[in-house]
Each structure stands twice: as structure tokens, then as C-alpha cells.
Amino acid sequence: MKSLWSDQEAKKYKGDLGKRVYTSRLLGRDPSLVLHGGGNTSVKIREKNLVGEMEDILYVKGSGWDLISIEKAGFAPVRIAHLLKLAKLPSLSDPQMVNELKGQTTLASAPSPSVETILHATLPFKYVDHTHADAVVTVTNTPGGEQRVREIWGDSVVVIPYVMPGFDLARLCAEKFEAEAHEGTVGMVLLNHGIFSFADDARESYERMIKLVDQAERYLRKQGAWKVSAPAPKRAKGSRMVAQAELRRAVSAAAGRPMLLSRDDSRPALAFAQHPKVSTIAQRGPATPDHIIRTKQLPMIGRDVKRYVTAYEKYFAKHAPDAREPKTMLDPAPRVILDPELGLVSVGKSAGECAIINDIYHHTMEIIQRAEQLGGYRALPANDLFDMEYWDLEQAKLRKGGKAPAFQGEVALVTGAASGIGKACVDSLLARGAAVVGLDLDKKIEGLYERGDYLGLVCDVTDTKGLQAALEATVARFGGLDMVVLNAGMFPGGKRIEELDDDLWRKVMAVNLDSNLALLREAHPLLSRAPNGGRVAIIGSKNVPAPGPGAAAYSASKAALNQLMRVAALEWGADNIRLNALHPDAVFDTGIWTDEVLQARAKHYGLTVEQYKTKNLLKTEITSHHVAELAAELCGPLFSKTTAAQIPIDGGNERVV
């Protein structure tokens with residue numbers, strides 16, 4: 001491990017707090033040091049308060065901030081004098097500690113101070129850095145962990161036995177540091193937890209951390225426990241799409257709400273899932289208790305969700321009586337699944353949550369395998385892990401979650417999604433918390449959004465194999481499919497029947513009808529396994545109830561699609577799949593309606609452009625957004641009792657009415 005310090009970069013960060021921000025970000029750049037909110041940093045600053053008195057203030061990383069992107073606002077300023085008084089108390093409950101920390105914060109808008117704030121305050125150094133470095137955790141999570149720590153660092157570090165984060169840990173660290181620290185002490189190792197470095201200079205504290213972790217990495221290399229050796233995994237043949245969708249349905253039932261399942265069948269993931277000892281080494285607990293809230297104590301091996309839930313409930317019943325206060329059991333669904341065919345499956349309420357779990361478990365797999373090569377992986381006892389999983393402070397965070405978005409944990413697919421009504425549907429579904437897959441011929445679909453809950457795929461909807469590949473990608477990324485918006489279509493322009501050739505007729509039918517039949521057919525196994533039931537919204541047309549001259553192919557294809565929807569509703573109701581159609585008219589903010597076309601059509605009717613846009617009973621303009629919002633609502637609980645409906649969205653068309 002090497003220092004990332006740059007004098008040129010450091011110049012941009014002014015003052016003690018600025019340097020704290022810079023070195024915190026340096027730590028955050030390396031995921032082998034900290035992951036997703038892990039780790040803690042602080043700086044002690046003497047400053048004048050509002051009444052002119054000088055106070056010693058601890059600026060400590062606040063809750064909700066990641067080191068990789070932290071700013072000055074991410075540090076909570078807390079009065080050190082009071083913290084040192086708290087450190088001398090014989091006991092302090094976690095809720096009391098949180099209240100005291102918040103009460104001694106000098107800025108009301110600051111984030112909540114870290115639960116390790118008192119620990120940082122007691123260390124007699126200006127800068128304190130704390131990470132969960134993979135190499136350090138690997139060393140400490142072995143049978144001879146403490147002995148190895150002393151072999152690597154000698155007496156240059158103070159060694160702390162595992163204690164759950166909070167007041168008890170702060171008090172123990174203060175006592176041990178006071179008794180054992182000397183001039184050569186540069187760090188502190190917390191067994192099964194992580195490592196601290198400290199100094200009176202930001203760069204020195206940071207580079208001490210790098211040096212300490214580098215020593216652990218060198219030790220692992222020397223012991224032949226750095227490079228993970230595993231045979232090449234075997235890849236399953238054929239589709240795993242339906243199997244993953246079925247697994248998602250079972251996991252969602254256990255969780256009591258729809259969940260996303262993201263599949264990682266990379267070589268490291270498959271190799272670990274197929275490890276001959278996976279059922280034992282993966283069941284010894286997480287690499288560090290800080291990860292337990294995200295990943296739960298144990299992953300699920302295979303796909304037997306009922307068995308996992310039963311084991312989890314027994315585990316809870318066994319340990320709950322020892323809890324300090326009454327607890328409410330978290331949902332018993334797994335967050336990590338290891339399967340020899342699927343690989344590593346991450347389970348979460350959102351795509352972002354799945355990505356975090358995947359990151360954490362990739363590091364966990366590496367730590368476990370290195371520790372095995374070092375002498376055997378050993379995590380904390382179940383009692384300690386239970387206390388962390390059901391820690392008062394973490395439970396309070398979960399209870400504060402608030403109302404979930406309407407489509408949280410659900411997956412939607414939209415065709416013709418690069419522009420117009422399709423893009424608006426993507427926006428409406430994302431806004432409701434869904435993970436969305438957009439299909440389009442236009443390559444810009446791929447970069448429409450750069451966010452974890454969106455997947456854009458170039459796809460010709462008339463190519464059945466292309467649709468199958470898109471569904472495979474959807475399930476691999478998100479776990480299944482709950483909603484489909486059939487929007488892709490073509491309008492060939494004015495062609496009277498006597499001018500309509502076979503090729504154009506067939507092309508319109510292929511896009512507007514045949515492709516939708518193929519997609520519905522291929523998606524049925526997924527929609528029938530949707531936790532809340534499958535939903536299909538079809539973007540039809542005013543031409544279904546009221547066709548116009550010169551649009552025979554378009555009108556006939558849309559009418560046939562409408563009839564297909566009605567038959568599907570009859571056949572699929574027993575599968576808890578509902579289908580409904582929208583019939584928009586005169587939606588002018590789409591690609592086919594250029595300014596020139598609008599002006600020409602308005603002139604044809606003897607109207608201004610604005611009059612032409614509102615040529616309906618309500619004298620209102622219909623936009624892509626209006627259509628998309630109604631399409632999304634059709635997939636929501638408001639229409640949960642409705643199927644085979646046809647709803648106009650046209651401002652009132654005289655021919656339809």
C-alpha cells in the first residue's frame with residue numbers, strides 16, 4: 001500500500017479542517033481501507049465561540065457521510081471538555097451517549113457525531129484516523145490473531161480486544177492507551193474491528209495509517225496468504241432467468257416487501273460460491289461487525305429460503321432473551337446469497353443497496369479466503385454479532401426510515417424509452433422508486449441516465465432474440481420483472497389503403513403488434529413471479545376507438561394490440577397479471593411532431609399552433625409527462641383492482657366521446 005498524498009492537491013485544502021477533509025478523502029479513495037460509510041476521522045481545533053471564549057472542539061466525521069466525498073460540512077463540531085468528562089463516567093447507555101454528543105455539538109445543522117466520538121476525544125493527538133483495513137481484519141480474524149498483531153507491529157501499537165462500538169469501547173481504549181502507550185506508539189489495533197493511527201499533523205497521521213496497513217499486507221504476502229488461489233469456476237449452461245425470478249419471489253415473501261436481487265457471476269464470485277468449504281467458511285460471520293447491518297450475520301447458501309428463514313428465527317429466539325432491551329426482529333430474508341450457478345446474489349430494497357452489499361461481500365470473500373490460507377478464518381462469537389445486528393442505535397436508524405417509495409424494490413421495463421412518451425415513462429417510474437430498464441434502437445438509450453437503478457439497452461424490439469437477451473440482462477441486474485410499458489411503435493404517415501404496399505404493412509405490424517406479442521410471451525414467466533403481481537401498461541392510441549383516414553396500418557396494428565391486451569387479461573388474470581391500455585391523442589412533444597409539421601397541421605385546420613395543440617373538449621394540451629404519469633399510476637395500487645381497461649388521455653375527443 002502506498003501513500004496517495006500530493007503536495008499539489010493538498011494546497012487546495014486550507015486550514016486544519018481543510019487538511020482533515022483532504023486526508024479523509026485519501027483514505028476513502030482506497031476501498032481496501034474503508035467502504036460505504038465505514039471508517040472515522042477527526043481533528044481537534046481550538047477556536048473562539050460567540051461570547052469570545054476559546055474552546056477546544058473535536059471535528060469528527062458525522063453520520064451519513066462517506067470519507068471518499070466528505071466535505072467540511074460532514075464533520076460535527078463537539079466540545080472536547082465535556083467529552084473528556086463523559087469518558088470518566090463508570091457507565092453510559094448508548095441513547096444517553098447520543099443525546100450528550102448532540103447536546104454538545106456547537107452547530108445545530110451539523111450531522112450526528114460518530115458513536116466513536118468519545119474515543120477520538122480521549123486520544124491525545126490532533127488528528128485521528130480509523131479504518132477497517134482488509135489486511136488488518138484478515139490478520140485479526142484468525143485463531144492466533146493477537147499474536148500475529150504483535151509479531152507484525154511489536155509494541156508500536158496498542159492492542160484492544162473486541163468491544164462493540166460505543167461508550168464501553170471508548171473507555172477501554174482510553175484505559176489501555178494510558179497504560180501501554182509510549183513515545184513510539186503510532187497506532188491502535190482493535191481486534192475483529194479495525195485500526196487507528198494518529199499524529200499532530202494531518203499528513204503524518206494519514207501516512208502512519210498507510211505504513212501500518214502496508215506492514216500487514218507484507219506479512220500476508222510473506223505468509224503466502226495474499227493472493228487468493230481458487231480453481232476456475234464452472235459456468236452453468238442455459239438461462240438462469242426464471243430461477244433467479246423464482247428466488248426473488250421467495251426472498252421478497254420472507255422480507256414482506258419486494259426486493260431486488262442483483263446477480264454477480266464474475267470469476268471471483270462464482271469461485272467462492274463453488275468453494276468446496278463455502279458452507280462452513282461463509283457461515284462463520286462477517287469480516288467486521290460494522291458490515292452486519294448491511295449483509296446480516298450469515299449469507300444464504302443455495303436457494304432454500306424457507307430453511308434460511310427458519311434458522312434465522314431460531315437464532316433470534318436463542319439470543320433475544322439476552323438482549324438489554326426488548327427488540328423487534330429484522331425481516332429474516334437474506335441479504336447475501338451464494339449459489340453455485342448464480343454466483344453472488346445481493347439482496348436489497350434498491351439498486352444502490354444491492355451495489356453496496358456486493359462491494360462489501362467481495363471484500364469479505366477475499367478476507368475469508370486469505371484468512372483461511374493464513375491459518376483459518378474466525379469471526380466473532382454469535383452473541384457479539386447478535387448484539388451488533390440488534391444494536392439500539394442501528395435499530396433506531398431503521399425505524400426512522402419513513403415511508404418507502406411506491407415502487408421500491410420493483411423492476412419496470414419500458415420500450416421505445418429514449419425519447420417522448422417512453423422517456424417520460426422512465427422518469428415517472430424512477431421517481432416512484434422503481435429500477436427501470438429502457439429499450440430503444442437509439443444508442444443514446446445507454447447513457448440516458450448514469451445511476452444504479454437504470455439500465456439502458458440498445459434493442460430492436462422486432463428481434464425476439466434481442467428481447468430475450470434484454471430480459472436476461474434485466475433479471476441479472478435487478479432480479480426479476482414487475483412492470484412492462486409497451487410504448488415502442490411507428491407511425492408511417494398518411495397512406496391510403498390503395499397506396500399501402502405489403503412491405504410497409506408488415507413493417508408496421510412487426511413493430512406495433514408482433515414485437516409486443518413476443519415481449520409479452522417472453523416476459524410472462526417473470527411477470528407471473530412478480531412479488532406484488534405483474535403489471536402491463538400499453539400505450540395505445542386514439543385511433544383504436546376512432547381511426548382516421550390514411551392510417552390503416554397504424555390503426556389496425558394498435559387495434560390488434562388492444563385486442564391482444566384483452567385476451568392476455570383473460571388468460572393471465574389467474575397468474576395475478578393485470579394489463580391496461582392508455583389511448584393518448586395529440587401528444588406533440590414527441591419526435592414526429594417537429595415545428596414544421598405542427599405549423600402545417602395547424603394551418604390545414606385554420607388554427608394557430610396553440611389552438612391546434614388544445615383542439616379538444618377541455619382545451620388543454622396533453623404532454624408525454626401526462627401520459628407517463630397515468631401509465632405509472634396504472635401500475636400502482638390505485639388501479640390494483642383493474643385489468644383490461646382502456647383509458648383515453650386526449651382532453652376529450654368528440655369522435656371518441
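**Notebook: first look at the predicted model**

I began with the fold and noted that the protein has 24 helices and 18 strands, where helices (H or I, at least four residues) and strands (E, at least two) are DSSP runs numbered from the N terminus. I kept in mind that this is a predicted model, in which local features need pLDDT of at least 70 and side-chain atom pairs count only at pLDDT 80 or more, while totals for chains, interfaces and linings use all residues. Residues are numbered from 1 along each chain as its sequence is written, and side-chain values use heavy atoms, with hydrogens and water left out.

**Whole protein**

I looked up the extent of the C-alpha trace, which spans about 95 × 65 × 50 Å along its principal axes. Of the 657 residues, 54% are buried, a word that stands for under 20% relative accessible area, with exposed over 50% and partly exposed in between (1.4 Å probe, protein chains only). I then checked contacts (heavy atoms within 4.5 Å), and found that residues 24 or more positions apart account for 71% of those with a separation of 6 or more.

**Val 78**

Leaving aside neighbours within four places in sequence, I listed its contacts, among them Asp 56, Ile 57, Leu 101 and Thr 117. Val 78 and Lys 102 are 24 residues apart in sequence, and their C-alpha atoms are 8.0 Å apart in space.

**Glu 217**

Which side chain of opposite charge is nearest to Glu 217? I found that it is Arg 221, 4.2 Å away, and that Glu 217 is buried yet has no salt bridge; such a bridge needs a side-chain nitrogen of Lys or Arg within 4 Å of a carboxyl oxygen of Asp or Glu. For charge, Lys and Arg count as positive and Asp and Glu as negative, while His and the chain ends are not counted. Glu 217 has its place in helix α9, residues 202-222, and, leaving aside neighbours within four places in sequence, is in contact with Met 1, Ala 135 and Trp 226.

**Cysteines**

How many disulfides does the structure hold? I noted 0, taking a disulfide as a pair of cysteine sulfur atoms within 2.5 Å. The closest cysteine sulfur to that of Cys 459 is in Cys 425, 17 Å away, which is too far for a bond. I also recorded that Cys 459 counts as buried because its relative accessibility is 6%, and that Cys 173 counts as buried at 0%.
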